[in-house]
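Please find below my notes on the two-chain model that you sent for comment. They are arranged as numbered points, to be read beside the coordinates.

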Amino acid sequence: MHNEHGHEVTIIVFAPRSPHPKEFRWPESLKVGEAAREAATAFGYQAGNPGLQTEGNPPRVLDNNKTLAEEHIHDGQKLELIDTGGGV
Amino acid sequence: MVPFEHTRIVVEHELEGAQAWGERHGVLLDWLSDCLQLRVTLIQPVTEAPYFLRAELKEYRALPPVWTFTDPEWQGTSRPFNFPKGVQATFGSSMFIIHNQIAVICAPFNRLAYADQSGPHGDWGGPPNWLNAGSAHIHAEAIGDMLQAIYRDFSLTRERMVKS
């Protein structure tokens, strides 16, 4: 689907704290980091360094600085919210 | 002092999300409500060796859980053989470290990471400050988030912290 922002995709996002996913509609030109931040807020996260990863084993962690299109995210794809901070 | 029943209710509410996370990732969670203990068996990639991750949840959420890897009988703490060897990743340093000969999951959401529990961090304001501690590090406020964080680093490991 197109709108004034270009092509949009519908993404199903899971969060480790929630039993239910949420659906988001984002322009493909949106940065992964911005999408992750929006999803994190929707799930009630108020701090941290949100990111997104694909389904699968092993999952692929998306680059927060790339757009959804650059990360080849397609309509209907399922992603999981993660925190990208380090340990120690 | 957090009443036992209060902690149980809070944990079981959070476990709804954590159980769903476990199903998505093929990870089995075993909740022992009578002793407020969560047991999680993780299978290491490539080696397929089982690791036994345990959380003691007394005083949660006033204090963070006590996360550690144990032996197959779910006993013992901090023995390096029971831990995976951490791998440096794009996220930064692994949270699986040795501090003063003791293995620890080093993250703000683990009570054992704090200096008053023999952990390395005297700079995080003590376990009661866990929700605000270490803002530059991995952040997790609910049990499902903590499991995802530990699993993220665990999935990169390929061997034990020590051979025996």
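The points below take up conventions and confidence, then each chain, then the contact between the chains and some strand pairs.

1. Conventions. Residues are numbered from 1 along each chain as its sequence is written, while chains are lettered from A and ligands numbered from 1 in the order in which they are written. This is a predicted model, in which local features need pLDDT of at least 70 and side-chain atom pairs count only at pLDDT 80 or more, whereas totals for chains, interfaces and linings use all residues.

2. Confidence. The model scores ipTM 0.88 and pTM 0.94. The mean pLDDT (the predictor's confidence in each residue, from 0 to 100) is 94 for chain B, where 100% of the residues reach 70 or more; chain A averages 92, with 92% of the residues scoring at least 70. Among the elements of chain A, the lowest mean belongs to strand S1 (residues 2-3) of chain A, at 55, and the highest to strand S3 (residues 22-27) of chain A, at 98. Where pLDDT is low, the predicted coordinates should not be read in detail. In chain B, the lowest mean is 94, in strand S5 (residues 96-99) of chain B, and the highest is 98, in strand S3 (residues 50-56) of chain B.

3. Chain A. One helix and five strands are assigned to chain A (DSSP runs numbered from the N terminus, H or I of at least four residues for helices and E of at least two for strands), and from the N terminus on they run β-β-β-α-β-β. The radius of gyration of chain A is 12 Å, close to the 12 Å that the globule rule gives for 88 residues, so chain A is as compact as a globular protein of that length; the radius is taken over C-alpha atoms, and the rule is 2.2 Å times the number of residues to the power 0.38. Buried residues (20 or more other C-beta atoms within 10 Å of their own, with C-beta atoms placed from the backbone) make up 39% of the 88 residues in chain A.

4. Chain B. Two helices and six strands are found in chain B, in the sequence pattern α-β-β-β-β-β-β-α. For its 164 residues a compact globule would have a radius of gyration near 15 Å, and chain B agrees with this at 15 Å. Its C-alpha atoms fill a box of roughly 40 × 35 × 30 Å along the principal axes, and buried residues account for 40% of the 164 residues.

5. The interface. Counting contacts as C-beta atoms, placed from the backbone, that lie within 7 Å, 16 residues of chain A are in contact with 29 residues of chain B. The side of chain A that touches chain B has seven nonpolar, seven polar and two charged residues, where Ala, Val, Leu, Ile, Met, Phe, Trp, Tyr, Cys and Pro count as nonpolar, Asp, Glu, Lys and Arg as charged, and the others, Gly among them, as polar.

6. Strand pairs in chain B. Strand S1 (residues 28-32) of chain B and S2(B) pair in the antiparallel sense over five bridges (pairing requires at least two DSSP bridges), and Trp31(B) stands opposite Leu38(B) in S2(B). Their hairpin has four residues between the strands, and Leu36(B) in the turn has a positive phi of about 55 degrees. S2(B) is also joined to S3(B), antiparallel, by seven bridges, with Leu42(B) partnered by Tyr51(B) in S3(B).

Definitions and conventions:
Buried ≥ 20, exposed ≤ 12 C-beta atoms within 10 Å, placed from the backbone. Contact = placed C-beta atoms within 7 Å.
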